[in-house]
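Reader: I would like to learn how to read this model feature by feature. Where do we begin?

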Amino acid sequence: LPAVYLSRSARRGDAVGRLMRDPALREQPYGLYEELRARGPLTGSSLGLVTTSHPVAQEVLRSDRFGVGWDRATAPRLVRWALQFGDDPTAAGVAEPPSMLVVDPPDHTRFRRLVSRAFTPRATAAFEPAVRRTAERLLDDLERRDGVVDLVEAYAAQLPVLVIAELLGVPVARREDFLRWGAAAAATLDPGLPLGRFLAAERALRAMHRFLGEHFARLRREPGEDLVSRLVTLPPDEALDDRELHATVLLLLGAGFETTVNLLGNAVVLLDAHRDQWDALRGGDASWDDAVEEVLRLDSPVQLTGRTARADLELAGRRVGAGMRVTLLLGAANRDPDVFPDPARFDVTRANAREHLAFSGGIHYCLGAGLARLEGAVGLQALGERFPGLRVAGRPERRDLQTLRGFGVLPVAPR
Ligand code: HEM
């Protein structure tokens, strides 16, 4: 199992193994990224090759000589197979059917095209009033609470899940279930997940797919105007099969809230530590959109992804054999000093923050980037305006995750 492999590497002191295992490094990985950067743009590790370089990561993401690789789609299924789980999304349970995130063209193109219409800049902009309304409603609730509040639980987690549930047309009343399932399932993004957490994720995914199966059946009988209704009633020549349908909706739902919660939490902690910039934003002397870009760059909600070489090739002056894995440390690429001067500095007026790779690049560039940006800017602005004196009031706790980076608990005093 990869977990066993990684824990061995961790004992040997391999940098990437340590990153996955050592809670202190999970809390603060940026020193280690700099150690890796000092070894050159592409370096070996227990995960195969690793890059901290912005241009190298970008080259890999944009190149059709790299694919998403065997491990994303196949490894989890192999492990499940070894554990005697079924592979049928509709019957006993799921195992992760392949979503657009884990497949190459032509399947990638087919899956993405079916849903991309719901995420065009126009469609996203039309959603702004709904995002604002949702944010204000949550802040009304927050206003009625006294003392120190966990901002993740009360706001940062709620806003994205309510928005994506509305957009997809899944019942918002089930949002606490989604949050619970999503949190367990998010761990499956981490390489070398310990078996116990893998099994918890498996259970959560099964529950989520059971819910989705029932929801699809309901919509087939009584379709609405929403995205999921459209997906379940596609004409036969376009229709997704059951596995594909489950995978697509699960991805949209999960990606829709598991990442944006981290953007909001990371932003509040950074702005609290840079009060002058928080004040400039509230006073209209800096832009919320720019602030979102700088948070995405400096403390990226998705810290890493990877690709696999589809042929023998050369990258950053090294030979890379077909089938070799390259891990892209997006969180490190976003602090590449050759692209971002004084990269560890938080500056909401930074001219080129938008060049970050927090939303990845190439054909898998985040489909929800526009929506995430909207939720980030609207969510932070609404919070800043309603609670000008909001302060972090206790120790924020990082989530126990490596690929996703954010806070699980964020105590604040709103007034
Ligand atoms: C893909 C980041 C919010 C939907 C991705 C990838 C990244 C990412 C890094 C690509 C991973 C790779 O290349 O391997 C983020 C961040 C977000 C965010 C940082 C919030 C701050 C959202 C939202 C949605 C969404 C709100 C809404 C549905 C997707 C989808 C993909 C994706 C569907 C797969 C695209 C593809 O494979 O073609 N996201 N995301 N994301 N994201 Fe996001």
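Reader: Is T305 buried or exposed, and why?

Author: Count C-beta atoms, placed from the backbone, within 10 Å of the residue's own: 20 or more others means buried, 12 or fewer exposed, and in between partly exposed. T305 is buried because 22 other C-beta atoms lie within 10 Å. This is a predicted model: local features need pLDDT of at least 70, side-chain atom pairs count only at pLDDT 80 or more, and totals for chains, interfaces and linings use all residues. Residues are numbered from 1 along each chain as its sequence is written.

Reader: In which strand does T305 lie?

Author: Helices (H or I, at least four residues) and strands (E, at least two) are DSSP runs, numbered from the N terminus. T305 belongs to β5, residues 304-309.

Reader: Which residues is T305 in contact with, leaving aside neighbours within four places in sequence?

Author: Contact means C-beta atoms, placed from the backbone, within 7 Å. With those neighbours left aside, T305 touches L328, L330 and S360 by this test. T305 also sits 9.2 Å from V68, C-alpha to C-alpha, though 237 residues separate the two in sequence.

Reader: Which residues have the most contacts inside the largest nonpolar core?

Author: A nonpolar core is a set of buried Ala, Val, Leu, Ile, Met, Phe, Trp, Tyr and Cys residues, joined through C-beta atoms within 7 Å. The largest one here has 112 residues, and A156, L328 and L330 have the most contacts inside it. Its largest share, nine residues, comes from α15. Beyond four places in sequence, the contacts of L330 include A57, V302, T305 and S360.

Reader: How does the span of α15 agree with what it should be?

Author: The expected span of a helix is 1.5 Å times one less than its number of residues. α15 has 17 residues and should span 24 Å; its end C-alpha atoms are 24 Å apart, so the two agree. The helix is mostly covered, with 15 of its 17 residues buried.

Reader: Which helices supply at least two residues of the shell around the ligand?

Author: A residue is near a molecule if its C-beta atom, placed from the backbone, lies within 6 Å of it. α15 (242-258), α16 (260-273) and α20 (369-386) each supply at least two. The largest share, four residues, is from α15. Of the 23 residues around the ligand, T259, S360, C366, G368 and A372 come nearest.

Reader: In what order do the three strands of the open sheet run?

Author: Two strands pair if DSSP finds at least two bridges between them. The order is β4-β12-β9, with antiparallel pairing. β4 (149-150) and β9 (391-392) are the edge strands, each pairing on one side only. Two bridges join β4 to β12 (residues 411-413). D150 stands opposite P411 in β12.

Notes:
Two residues are in contact if their C-beta atoms, placed from the backbone, lie within 7 Å.
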